[in-house]
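Please read these notes with the model open beside them.

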Amino acid sequence: MPRKAKWRLSRPRGVRAGHAVNAFADKLVIANLTPGQFIQVLETLHMLGESGAGIELSSLSTDVLVDVVRRASRDQLKAIADHDELRAVFLDEIFRRMSEHFLPERARHVDFVVSWRFSDGVGEDGYDRFQTVIEDGVCVSSTDLSRTPDTTITLSVDDFIRMATGNAAVAAMFVTGRVKVKGEYAPAVRFSSYFDIPKPSVD
């Protein structure tokens, strides 16, 4: 079955949920962890979530997740991309939150389909693939690839994690070729403007 994330109302912007996993993530000194140790922490959180213990990555508020990505090194984010299970978890989670933070008032009269290709994946030709459809004031992301894309965006998972959480200079990624676009260029450039993503905090 394709993984699917439908648009729905999220909690009030800028309000951190009181879940214990948020407090844990806030206090975690990520800079002191090797990429392997960072992965072990994420594996533990994921395992607890899978066991029904009530502690899971999906309980991280979006602003805390944004801050975790900000504090993580490139090697730590690359370690997520190289980990088959956590890679899938993070992609699913980001696409789910993308739908939650969609701003339909900014996308009036906008209808387009974006296909995403993530390098070093397990799918066809070595890519993991998603589609995001924005139409009629609704944003839906899924691994269902039945729609004909207006734009296809190819990039690495670690760059996508940084870009989707506002932790990368998107324009520079396009210019340097880290993000490759096939088809209409405008939807790819304007895509982030249709979402309200919490800004990374500054130490």
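1. Basis. This is a predicted model, in which local features need pLDDT of at least 70 and side-chain atom pairs count only at pLDDT 80 or more, while totals for chains, interfaces and linings use all residues. Residues are numbered from 1 along each chain as its sequence is written, and side-chain values use heavy atoms, with hydrogens and water left out.

2. Terms for space. On a 1 Å grid over the protein atoms alone, a cavity is a set of points where a 1.4 Å probe fits but cannot get out; a pocket is an open set with protein on both sides within 12 Å along at least five of seven lines; a lining residue has an atom within 4 Å of a point. Points are joined across faces, edges and corners, and a volume is the space filled by probe spheres set on them.

3. Second largest cavity. Its lining consists of Leu-57, Leu-60, Leu-65, Val-89, Phe-90, Glu-93, Ile-94 and Arg-97. H5 gives the most, with 5 residues. By class there are 6 nonpolar, no polar and 2 charged residues (nonpolar: Ala, Val, Leu, Ile, Met, Phe, Trp, Tyr, Cys and Pro; charged: Asp, Glu, Lys and Arg; polar: the others, Gly among them).

4. Largest cavity. The count comes to 2 cavities of 30 Å³ or more, and the largest holds about 100 Å³ of space. Of its 14 lining residues, Ala-25, Leu-42, Leu-45, Leu-60 and Val-68 are the closest to the centre. Two or more residues each come from helix H1 (20-27), helix H2 (35-50) and H3 (helices are DSSP runs of H or I, at least four residues, numbered from the N terminus). The largest share, 4 residues, is that of H2. The lining has 14 nonpolar residues, with no polar and no charged ones.

5. Largest pocket. The space here is about 530 Å³. Met-163, Ala-164, Thr-165, Ser-192 and Ile-197 are the closest to the centre among 28 lining residues. At least two residues each are supplied by helices H3 (62-71), H5 (84-100), H6 (157-164), H7 (170-175) and H8 (185-190). The lining divides into 19 nonpolar, 5 polar and 4 charged residues.

6. H4 against H6. Helix H4 (residues 74-82) packs on H6 at an angle of about 115°, the axes being 8 Å apart (axes are lines fitted to C-alpha atoms over the stretch in contact; angles run from 0 to 180 degrees between N-to-C directions). Arg-74, Leu-77, Lys-78, Ile-80 and Ala-81 of H4 meet Val-157, Asp-158, Asp-159, Ile-161 and Arg-162 of H6. These residues divide into 5 nonpolar, no polar and 5 charged.

7. Asp-159. This residue lies in helix H6. Asp-159 counts as buried because its relative accessibility is 3% (buried is under 20% relative accessible area, with a 1.4 Å probe and protein chains only). Leaving out residues up to four places away in sequence, Asp-159 touches Arg-74, Met-173 and Arg-178 (contact means heavy atoms within 4.5 Å). Asp-159 and Arg-74 are 85 residues apart in sequence, and their C-alpha atoms are 8.9 Å apart in space.

Key: Buried < 20%, exposed > 50% of the residue type's maximum accessible area, 1.4 Å probe, protein only.
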